[in-house]
Amino acid sequence: SSKAEELSETIEKLRPTRGEAKRVCGCYGTFHKPLTNCLYCGRISCIEEGYDFCPFCGYMVDDVYDGQDHSNDPGWQQKERLLRFDREFARRTEVFDDQADYQGPSTWMTDDERAHAEKNEQKQLEAL
């Protein structure tokens, strides 16, 4: 019977504690910098709320950094690669249009615009 009591005490100690949040911001990391998310309900906490009880489910939100070296972990490397691609998205999708300043004659131009474009095109060809 004492082993059963010890086991129930151990289980009770391992059970996560619940409580009330001291500070509730509610920006979910959109106004303040996101800190982490609750591992029980997924709610995102910002730096204003800090590591405290989750305002939604009441479980403790802790820092879960494990301090391990993930350089040989393929899953970790894939996650970091995808995050890097997300950060550099705008830089990679920039379009360099060398002919942006060129406006040749087109069917959408008025007669005056077409005549002016043809004249400019002749000047450019003569310059070559």
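Me: In what order do the elements of the protein chain run from the N terminus on?
Reply: This is a predicted model, where local features need pLDDT of at least 70, side-chain atom pairs count only at pLDDT 80 or more, and totals for chains, interfaces and linings use all residues. Residues are numbered from 1 along each chain as its sequence is written, and side-chain values use heavy atoms, with hydrogens and water left out. Helices (H or I, at least four residues) and strands (E, at least two) are DSSP runs, numbered from the N terminus. The protein chain has four helices and two strands, and the order is α-β-β-α-α-α.

Me: What share of the 128 residues in the protein chain is buried?
Reply: Buried means under 20% relative accessible area, exposed over 50%, and partly exposed in between (1.4 Å probe, protein chains only). Of the 128 residues, the buried share is 16%.

Me: Is Gln77 buried or partly exposed?
Reply: Gln77 sits in helix α2. Its relative accessibility is 40%. Therefore Gln77 counts as partly exposed.

Me: Which residues is Gln77 in contact with, leaving aside its neighbours within four places in sequence?
Reply: Contact means heavy atoms within 4.5 Å. With those neighbours set aside, Gln77 touches His70, Ser71 and Asn72.

Me: What percentage of the contacts with a separation of 6 or more in the protein chain comes from residues 24 or more positions apart?
Reply: The count takes contacts with a separation of 6 or more. Residues 24 or more positions apart account for 29%.
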